[in-house]
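Me: I have a model on screen and some labels to check. For each label, tell me the value behind it and the cut-off it has to meet.

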Amino acid sequence: MNAAEMVDADIRSGAIIVLDHSHAPATPEGAEVIQGLSKTPKQLSPKYFYDDRGSQLFEDICQLPEYYPTRTEAWILQTYATEIAAITDSHELIELGSGSSTKTRLLLDAYRSLWADRPDTCHYLPVDISGGILHSSVVQLQSQYPEFWIQGLLGTYDQALDYLAHSNERSRLLFFLGSSMGNFSPADFNSFVDRVAQSLKPGDYFLLGVDLEKDLEILKAAYNDSQGVTAAFNLNMLAHLNRRFGGNFDLDAFSHEAIYNTADSQIEMYLHCHRDCQVQFDRLDFVANFQAGESILTEISRKFRLDRLPQQLAEHGLTAVKTWSDPQQWFGLLLCQATSS
């Protein structure tokens, strides 16, 4: 079977649930692409990075020597996962943007040890927008952790949080690892955290991973790696749009660029257009015009202060319980508990 057939088989078996917007306002497929490419300056949602190819490229990025977030967060989890499990003692673990769930295994190992005398206690629900990588993760984890009940949720963060808000019977730890929280603007950050709080009961937990402010050269190298993997990841967004919406982007007309915006403490990733061109999207009945020198903003990656986040989250009914970091203070984990639903 090919990847799509394997995902279909998982869906039929119940190993993967396909999420929808049955409880949310309907948005026409591709509407935000039209909106984003009609703006000045143009922009696209980072969710379009993550077709199967993009998900694999991101896994490759995580192994790069310049890309410190993955290994730094893994060190924190390796050091403190047992403490996190002991504090939360949750029976339902949910991961937003799970990818290959590599770092998650450190948490699953800690919970397995915690529940050694209580088999079949825990549910793990990985959430991802890429069916291929979600299938691979679910299959591997079901084999490695037979005492866990594992079910993948295929969809966006919003779809997952909407689904979770309507189904919450067990004590819950919702976690959002990596540095994806940095992809949200301040307004979107507030909206997202509100939705997180709505998906939790009082007493449930939220574990958040955030990239911290640091030396400029370290940041620049992490998003402009010497092997060009990040550039390929960025450009793959255009290939994904071509396949998904019948577009005709010429990838050779664009190049990757990542800069650090000091005023806003954020990396900004762009696709820079080198010549005048017109891109037709057959399935959207839309044409986007580009001028030489124009760029598409594809991602922001905000860098945080760990001492300021507790107050921000408290405003949304999430009370900080404990924070952890690495010796260099490059990355942070913040554990919160829901105080209101």
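This is a predicted model: local features need pLDDT of at least 70, side-chain atom pairs count only at pLDDT 80 or more; totals for chains, interfaces and linings use all residues.

Me: Where is Ser-265, and what is said of its phi?

Reply: Ser-265 sits in the loop between S9 and S10. Its phi is positive, about 50°, although Ser-265 is not a glycine.

Me: Which other serine has a positive phi?

Reply: Ser-101 has one, with phi near 55°. Ser-101 belongs to the loop between S3 and H5.

Me: What makes Ser-101 buried or exposed?

Reply: The relative accessibility of Ser-101 is 1%. The limit for buried is under 20%, so Ser-101 counts as buried.

Me: How do you know whether Ser-98 is buried or exposed?

Reply: Ser-98 has 6% relative accessibility. Ser-98 lies in the loop between strand S3 (92-96) and helix H5 (104-114).

Me: What does Ser-98 touch, not counting residues up to four places away in sequence?

Reply: Ser-98 touches Tyr-124, Pro-126, Val-127, Asp-128 and Leu-134. Contact here requires heavy atoms within 4.5 Å.

Me: What label does Lys-201 get, and why?

Reply: Lys-201 has a relative accessible area of 28%. Buried needs under 20% and exposed needs over 50%. Lys-201 falls in between, so it is partly exposed. Its place is the loop between helix H8 (186-198) and strand S8 (205-211).

Me: What is Lys-201 in contact with, leaving aside its neighbours within four places in sequence?

Reply: Lys-201 is in contact with Asn-168, Glu-169, Arg-170, Ser-171 and Ala-338. As for Thr-156, it is 45 residues from Lys-201 along the chain, and their C-alpha atoms are separated by 21 Å.

Me: How far apart are Thr-88 and Thr-323 in sequence and in space?

Reply: They are 235 residues apart in sequence and 14 Å apart in space, C-alpha to C-alpha.

Me: Which residues of helix H7 are buried, and what covers them?

Reply: In H7 (residues 157-165), the buried residues are Gln-159, Ala-160, Leu-161, Asp-162 and Leu-164. The cover includes S3, strand S4 (123-128), strand S6 (152-154), strand S7 (172-176) and H8.

Me: What makes a set of residues a nonpolar core, and which members of the largest one touch the most others?

Reply: Members must be buried, of the nonpolar types, and joined through side-chain atoms within 4.5 Å. The largest core has 39 residues. Leu-37, Leu-241, Phe-249, Phe-254, Phe-281, Phe-290 and Ile-296 touch the most other members. Among the elements giving two or more residues are helix H2 (31-38), helix H10 (229-245) and strand S9 (254-261). The largest share, seven residues, comes from H10.

Me: What does Phe-249 touch, not counting residues up to four places away in sequence?

Reply: Phe-249 touches Leu-37, Leu-238, Leu-241, Asn-242, Phe-254, Val-279, Phe-281, Phe-290 and Ile-296. A second, separate core of 33 residues includes Trp-115, Phe-148, Leu-333 and Leu-335.

Me: How do you know that the peptide bond between Thr-40 and Pro-41 is cis or trans?

Reply: Omega is about 0°, and the bond is cis. Pro-41 is in the loop between H2 and strand S2 (42-43).

Me: Why does the radius of gyration of the chain agree with a compact globule?

Reply: A compact globule with 341 residues would have a radius near 20 Å. The chain has 20 Å, so the two agree. Its C-alpha trace spans about 65 × 45 × 35 Å along the principal axes.

Methods: Residues are numbered from 1 along each chain as its sequence is written. Side-chain values use heavy atoms; hydrogens and water are left out. Buried means under 20% relative accessible area, exposed over 50%, partly exposed in between (1.4 Å probe, protein chains only). Helices (H or I, at least four residues) and strands (E, at least two) are DSSP runs, numbered from the N terminus. The radius of gyration is taken over C-alpha atoms; the globule rule is 2.2 Å times the number of residues to the power 0.38.
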